[in-house]
Each structure stands twice: as structure tokens, then as C-alpha cells.
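Please look at the sequence and the model, then read on.

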Amino acid sequence: MIIGIVFGVITFWLFAQAMVNVVPAVQEDLGISLGTLNIAISLTALFSGMFIVAAGGLADKIGRKKIANIGFILSIIGSLCLVFAQGSALLIIGRVIQGLSAACIMPSTIALMKAYFEGAERQRALSFWSIGSWGGSGVASFAGGTIATYLGWRWIFIFSIVFAIIGLFLLKDTPESKQESAGRFKFDYAGLAIFIVTMLALNVFISYGADFGWTSPLTLGLLAVTIVGLIAFIQVERKKDIVLIDFAVFKNKPYTGATISNFLLNGIAGTLVVANTYVQVGRGFSSFQSGMLSLGYLVAVLAMIRVGEKILQKVGAKSPMVWGSLITTVGVAMMGLTFLPDLTYTIVVFIGFALFGLGLGIYATPSTDTSVSNAPADKVGEAAGVYKMASSLGSAFGVAISATVYGAIAANGNLEAAASTGIVVNVIFGILAILSIIFLVPSDAGKSSNTVKKETISNKRQQIAE
């Protein structure tokens with residue numbers, strides 16, 4: 001079950017992260033503009049973020065395994081669209097479908113981990129989930145560049161299909177898990193519609209505001225739709241019994257701290273777009289060479305995820321979350337030193353990526369466990385959906401904001417200043433993430449998770465065996 005789940009999570013990073021490393025190759029092959037390609041890149045995270053809470057809620061109600069399987073199938077379909085893409089149409093359609101796939105896979109697999117493991121066993125299981133998630137981004141960053149250079153960028157998505165098929169096979173004997181419910185199925189369609197319109201307006205505002213003109217009627221209209229949509233969504237959700245997002249989960253400060261910091265640290269994904277694009281366009285690196293720069297990230301994040309789990313069990317969640325975020329922010333800041341000469345900058349970026357991975361590896365399991373352990377048992381899919389929505393939307397907006405800043409300055413021909421400024425945006429995200437943890441996550445968060453009785457764990461294991 002765990003291996004199948006990890007493969008499912010890795011499929012997301014194969015089609016999400018790998019695209020960051022192959023921007024020039026895809027642009028040349030399909031003959032599309034950089035702006036269109038950046039939108040295509042962010043669409044997966046955007047659609048994942050928009051639908052992930054709904055998918056998490058559905059997983060609680062109709063079955064977590066069932067929703068995970070739907071996600072695997074959508075992953076295969078979306079990847080096939082990219083394999084056969086000849087222009088922007090299939091590329092964009094495939095990216096949207098892949099976003100819906102991630103929306104299904106992410107919360108349902110976390111919920112399955114919560115359903116079948118407790119205490120230290122759950123923390124260990126979530127470490128493996130984090131290896132697929134946070135570690136998967138490093139695997140895809142390295143593998144994507146290598147595959148694109150030697151086989152062609154489309155092969156990335158062929159590998160993604162293979163992983164999805166293997167994941168489906170490994171998950172087939174996992175028992176279904178869902179909340180007990182009575183009465184007919186109900187869903188918050190109004191809340192979902194308002195949320196989608198609001199998030200689309202916000203994403204277009206960020207991505208195209210500079211092109212439209214920040215004071216143009218269209219840009220101001222998008223901003224107005226975003227503000228009105230947020231207010232309307234909050235008001236509608238507060239008055240209904242069946243809601244898309246239950247704001248009551250945010251009354252739990254540890255959960256809120258984990259979710260906000262998760263949003264902000266995923267916003268730092270914009271660094272990957274800026275750094276990879278800059279070293280290829282501004283420094284003449286190939287896709288393979290830019291992928292090699294992130295090799296330190298891959299090794300560090302995979303090595304540190306289990307370390308983060310052990311630190312969590314020793315001292316609680318807050319300390320590794322703070323230190324992980326701080327180390328990540330320092331690593332990101334190093335990539336902004338674009339005034340350095342070629343060899344020195346290459347070394348500094350390699351070290352920066354390594355610190356990036358080191359920090360995220362320490363942060364990953366404590367943050368995920370804090371969100372899961374503070375979620376109500378009957379709403380773990382929904383709560384996991386909100387937590388992963390923070391990941392997806394953070395990544396989407398981080399990429400959109402960073403790419404917009406980079407593109408606006410690069411248009412004047414100063415690539416070094418463009419890259420530095422784009423990365424400064426991500427440093428700000430990192431600082432805000434540290435502050436959210438300091439003020440919202442209590443010092444004893446995560447310490448009580450290991451007091452669960454041995455027989456509870458034994459019962460859960462027996463349930464899997466049966």
C-alpha cells in the first residue's frame with residue numbers, strides 16, 4: 001500500500017516538477033510562447049488546488065481508495081495528452097487533467113495513511129509519503145532533465161504512465177476506507193463554483209497583470225472578482241451545513257500553522273522556475289546540466305526526511321519546522337547571487353539546492369503529521385485536502401508571481417537582475433513561513449502523538465492483513 005501510494009505521489013512530481021526543467025525544449029518543440037508555457041506549468045498546481053478539497057471530502061464520503069484510483073487513471077490520461085501534444089491545445093488540456101489527478105491522489109492517500117496507522121507508525125508511514133512528495137520533486141527535477149536531454153521531454157510522461165499503472169496494481173488489495181454516514185450524498189456545488197471562479201481570477205491577475213497593465217480595467221476587474229469572490233465564499237460557507245471547506249479546522253492553531261507554512265514553502269517553488277530558466281537561457285546550461293544542479297537537493301531531501309521524523313519524535317514538530325524553513329530560505333537566497341562568475345555561481349547554486357532539500361526534508365514529516373494528527377477522524381480527507389490545497393495553490397501562485405517578476409525584468413535584457421529579483425520574492429515567502437510557525441505552532445505539537453497504545457497499532461495492522 002505504502003509503495004503504491006509513493007508511486008502515485010511521484011507521478012504528480014514527474015509531470016509537475018519535470019516541466020520546470022524542460023521549458024526551453026518544450027517551447028522549441030511545440031512552438032509556443034514562454035507566457036503560454038508558464039501558464040501550462042502553473043495550471044496543474046492551480047487545478048489541483050481548486051479541486052483538492054472537494055476530492056478530499058469526496059474521499060471521506062465515497063471511499064479514499066476509490067478516489068485514489070480515479071486519480072491514477074486521470075494521471076494516465078493527462079500524461080497521454082502531453083505525449084501526443086503538437087501545440088498548446090493538448091498541452092493545456094493534459095495539464096488540467098493532471099491537476100485533477102493530483103487533487104484526487106494527494107488527500108486520499110494521506111487519509112489512507114491516517115486510517116491504517118497511528119502514533120509513531122503513522123509518522124513513519126508519512127515519512128515515506130513525504131519521500132514521494134518532497135523527495136519526488138527532487139527525483140523529477142534530476143530525472144526530468146536527464147530524460148529530456150537523452151530521450152526527449154515526452155518520455156517523462158511515458159515514465160509517469162508506467163508509475164501510475166504500477167501504483168494502481170499495488171493499491172488493488174488495500175481495503176476501502178471511508179467515514180460512516182447515513183442518508184443521501186450531498187455536496188457543496190455552490191461553494192466549489194465560487195471557489196473556482198475566485199482562484200482563476202486571482203491566477204490570471206497575477207500571471208497577466210503586467211501584460212494587461214496593472215491599472216487597466218481588465219486587471220482591476222479581475223482583482224475585484226477575486227476580492228468579491230473571497231468574501232462571498234466565506235459568507236456562503238459559514239451559513240451552510242454541507243460545506244467545501246469547514247473553517248472550524250482552522251480553530252486548531254497547530255493545523256493552521258502547518259497549513260500556512262506549507263502554502264508559503266510551496267510558494268518557493270517559483271525559485272525552481274527562475275533558477276532553471278536563468279541557468280539555461282542566461283548561462284547556457286542544457287536541460288541535463290540544470291537537472292544536475294538539483295542533484296544535491298535530491299540527495300539531501302531523501303536523506304533528511306527520516307531524520308525529520310526522528311527529530312519530531314524526540315522534540316516535537318515546532319523545532320524541525322522552524323529550522324527546516326530557515327535552512328530552505330538560506331538555500332534559496334544563495335541562488336539569487338547572480339552577480340557571481342560562472343564557476344562560482346554554479347557551485348553556489350548547487351549548494352543552495354542542497355540546502356533547499358536539506359530544509360524541506362527536515363520540515364516535511366513534522367508538518368504533515370501536525371496537520372493529520374490535528375484533523376477530526378471523520379474529516380481527515382477534507383482536512384488533508386485543505387493542507388494539500390495549500391501546497392498546490394502555494395506552488396501555483398509562487399510560480400506565477402516569480403515568473404511574472406522574472407519575465408517583466410528579463411524583457412529589458414537584464415537576466416541577472418531578473419533572476420535575483422524573482423528569487424528575492426521566494427526569500428520573502430520563506431521568512432513569512434518561519435514567522436507563521438513561530439506564532440501558530442505550539443512547542444509541544446507532535447509530542448503527544450507517540451502515546452497511542454500498542455494494541456491500537458496492532459488492531460490497525462490486523463485490519464490491513466484482513
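Contact means heavy atoms within 4.5 Å. This is a predicted model, in which local features need pLDDT of at least 70, side-chain atom pairs count only at pLDDT 80 or more, and totals for chains, interfaces and linings use all residues. Residues are numbered from 1 along each chain as its sequence is written, and side-chain values use heavy atoms, with hydrogens and water left out.

Q: Which residues does Phe7 touch, not counting residues up to four places away in sequence?
A: Start with the place of Phe7, which is in helix α1 (residues 2-16). Helices here are DSSP runs (H or I, at least four residues), numbered from the N terminus. Leaving out residues up to four places away in sequence, Phe7 touches Phe163, Ile166 and Gly167.

Q: How many Å apart in space are Phe7 and Ala148, C-alpha to C-alpha?
A: Along the sequence, 141 residues separate Phe7 and Ala148. In space, C-alpha to C-alpha, they are 20 Å apart.

Q: Is Ser101 buried or exposed?
A: Ser101 is found in helix α6. Buried means under 20% relative accessible area, exposed over 50%, and partly exposed in between (1.4 Å probe, protein chains only). Ser101 has 0% relative accessibility, so Ser101 counts as buried.

Q: Which residues does Ser101 touch, not counting residues up to four places away in sequence?
A: Residues up to four places away in sequence are set aside. What remains for Ser101 is Phe15, Gly71, Leu74 and Ser75.

Q: How do α5 and α6 run relative to each other, roughly parallel or roughly antiparallel?
A: The axes of helix α5 (residues 64-83) and helix α6 (residues 88-116) come within 7 Å and cross at roughly 155 degrees. Axes are lines fitted to C-alpha atoms, for helices over the stretch in contact, and angles run from 0 to 180 degrees between N-to-C directions. Angles under 35 degrees count as roughly parallel, over 145 as roughly antiparallel, 65 to 115 as roughly perpendicular and the rest as oblique. α5 and α6 are therefore roughly antiparallel.

Q: How do α4 and α17 run relative to each other, roughly parallel or roughly antiparallel?
A: Helix α17 covers residues 380-410, and its axis lies 7 Å from that of α4. The two pack at an angle of about 170 degrees. α4 and α17 are therefore roughly antiparallel.

Q: What is the hand of the crossing of α4 and α6?
A: The axes of α4 and α6 come within 6 Å and cross at roughly 30 degrees. A crossing is left-handed if the near helix is turned anticlockwise from the far one by less than a right angle, and right-handed if clockwise. The crossing of α4 and α6 is right-handed.

Q: What relative accessible area does Leu360 have?
A: The place of Leu360 is in helix α16 (residues 342-373). Its contacts beyond four places in sequence include Trp134, Tyr297 and Thr328. Leu360 is buried, with a relative accessible area of 3%.
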